[in-house]
Amino acid sequence: MKTTKLRTIFLTALCAGGCSEPGGPPAAECDVRIAWDRGTFQEMTSVPVENKGYTEQELHYPRIKALSDGTLLMTFMNDHFGWDAFVRRSEDGGRTWSDAQMVRQRFDARSSAGADQMVFVNPDFVELQDGRILLAYQWRYKKGYNDIAHTNENCGVEIMFSDDKGRSFSEPRNIYTGRCWEPAMLQLPSGEIQMYITDSNETLNGVSQPCTILIRSFDGGRTWQGKESCSYRDGEIISRTFDERCTADGMPSGVWLDDDYGIAVPLEVWSGKYKMDQTPVVVRTDAATNWRSDQSIRSEGGPEYPRKKQLNKDFVGFGPYSTKLPTGEMVVLTNGVYKNVQGMWVFIGDKRADNFRFATSPFVGHWGSIDYIGNDRVLGTGTFRHQDGERSRGGVRLMVGRLNRSKTVAKGDVRMVPVGEFDRENNAYWFLGKETASSVFTDFGYTDDCFIVATYLFDDNLVAFTPENSDASALLLARRAADGGWDTYKILVNAEGRWLVYREENYSWRLVGKGQTGVDLRGTVNDAGDTDLGFGARLCIGWELLGGKPAPGEEFRAHLRHHYKEEVKEGPVFALVEEAEGENSDYPGEWLRITLK
């Protein structure tokens, strides 16, 4: 029978401040990170289609976004290149999903190539300021698309509207004709709707020569470029990359930047046959210009640096998708290789759509999306391949990431609740918990005597041997040294309340303090026969162990760690260590800030 041990009475109040103080360093320096939550990971390999009476077993190209009523809406298609378009909804933050609804179904037709089939591809959507959902997707004739002489007659973009948050949609309407891919929409504060399109109307020796264009609507989507239906001849080009083989730029999505700074759109750079050396890129325009160029980009390429920049120097990838955090930072999800590691990677930029770094990867996948879904969370999704017997099929992966933000903390103790009462969904603690089912939450405070680390660790099988070889909450803490470098410390505590403090010296850890603190333990340690909940601990680390009392307003840097044991075994098996992603543990300048108020 599981026992509950309450070993300490937690103390009183901490006032935790925000992460962007007026006059502070730019947000890109270290104000926010994404910590992916393993407990939210899902794989969808099939879904019932309620209005067609069958189960769809091919799910590709997901787009998931939060609507104004808190609903999550997903669109997807059922083949690598089409063929039908679907939506489904979640009303509980993505934990459960409705059956799918097919909103556009392929059908037999005739094109310039003769007997043909019309198919529907790349569905995406935006919620407009009036609450309507605008859904767009490519239509094309399967054979006619490759009838190069007539290809621009055999492809285009349709739109549909929903007045009930995606439960039902209007009849489709063609608003664009021309060889294209991947429409995506952005509504500006003025009400103008911009649709970004991969325009591939030009071909050279049978190879697509894409660029990225936009078309505009100033009347809620009724007309585009002033017409009920426009074409590739009406599009306004915003980006085209030339090299000696071909031209490129496509798969756009965009955000409106804070303070009327303008618009930024990430793009992949390839032609379908040739991949460029630097992809993806981010293209920007200021609010006044609003993409209105002289259109020489079409024949000459551009825009030029810095209005078009590589996303990140250490990444080569494709399929970018963007969102904006409430604090203004632009975030891009894209699949590819970062420092020789394949994955779906997410980069955080600054409020000016620049300095993209702090790379994290929720999973391996491709052709996905990311959106801010509220409560300091983002949701990333993508396509993955899986085996169904002898057949390879497409499925959808998704995971929620929690935002850890730099903190300004006021002098005072930290009030902790018993571990069984801690609200893991709504709190201001830093989080770590992607690598294992175990997770850690950590917050901070300080007094004249000590630096306070308040932490909860949740694990259904608590293990504790030495403090390092345990399920343990850990932290790297750095403060500026007299020579301008960093003095770095490691702090950790396990389920038995045993804690250690190390100081880094000459690339080694030197033990400078140890002890035991009271813990609130729910479960039994080193007993695989029961199911544990976790523990809470409050450490009060004397300033003498951390280099002395702090100066008023001193800024620390902190890097969260999490030790976890997969089984109750000591012997030669060490604990595994999960690190806060997006930061190099050797460079405190990359870590999140803790400012003592």
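**Rings and cores in a predicted model**

The largest nonpolar core has 34 residues, and Phe 451, Leu 477, Leu 546 and Ile 594 touch the most other members. Strand β44 (residues 534-542) gives the most to this core, 4 residues. This is a predicted model, where local features need pLDDT of at least 70, side-chain atom pairs count only at pLDDT 80 or more, and totals for chains, interfaces and linings use all residues. Side-chain values use heavy atoms, leaving out hydrogens and water, and residues are numbered from 1 along each chain as its sequence is written.

Q: What makes a set of residues a nonpolar core?
A: Its members are buried Ala, Val, Leu, Ile, Met, Phe, Trp, Tyr and Cys residues joined through side-chain atoms within 4.5 Å. A second, separate core of 32 residues includes Phe 161, Cys 180, Trp 181 and Ile 215.

Q: Why is the pair of Trp 139 and Tyr 141 called edge-to-face?
A: Rings of Phe, Tyr and Trp (its six-membered ring) pair if their centres lie within 6.5 Å; planes under 30 degrees apart are stacked, over 60 edge-to-face, the rest tilted. Here the centres are 6.0 Å apart and the planes at 80 degrees, so the pair is edge-to-face.

Q: How do you know that the charged end of Arg 140 sits over the ring of Tyr 145?
A: The rule wants NZ of Lys or CZ of Arg within 6 Å of the ring centre and within 35 degrees of the ring normal. Arg 140 is 5.6 Å from the centre of the Tyr 145 ring and sits over it.

Note on methods:
Buried means under 20% relative accessible area, exposed over 50%, partly exposed in between (1.4 Å probe, protein chains only). Helices (H or I, at least four residues) and strands (E, at least two) are DSSP runs, numbered from the N terminus.
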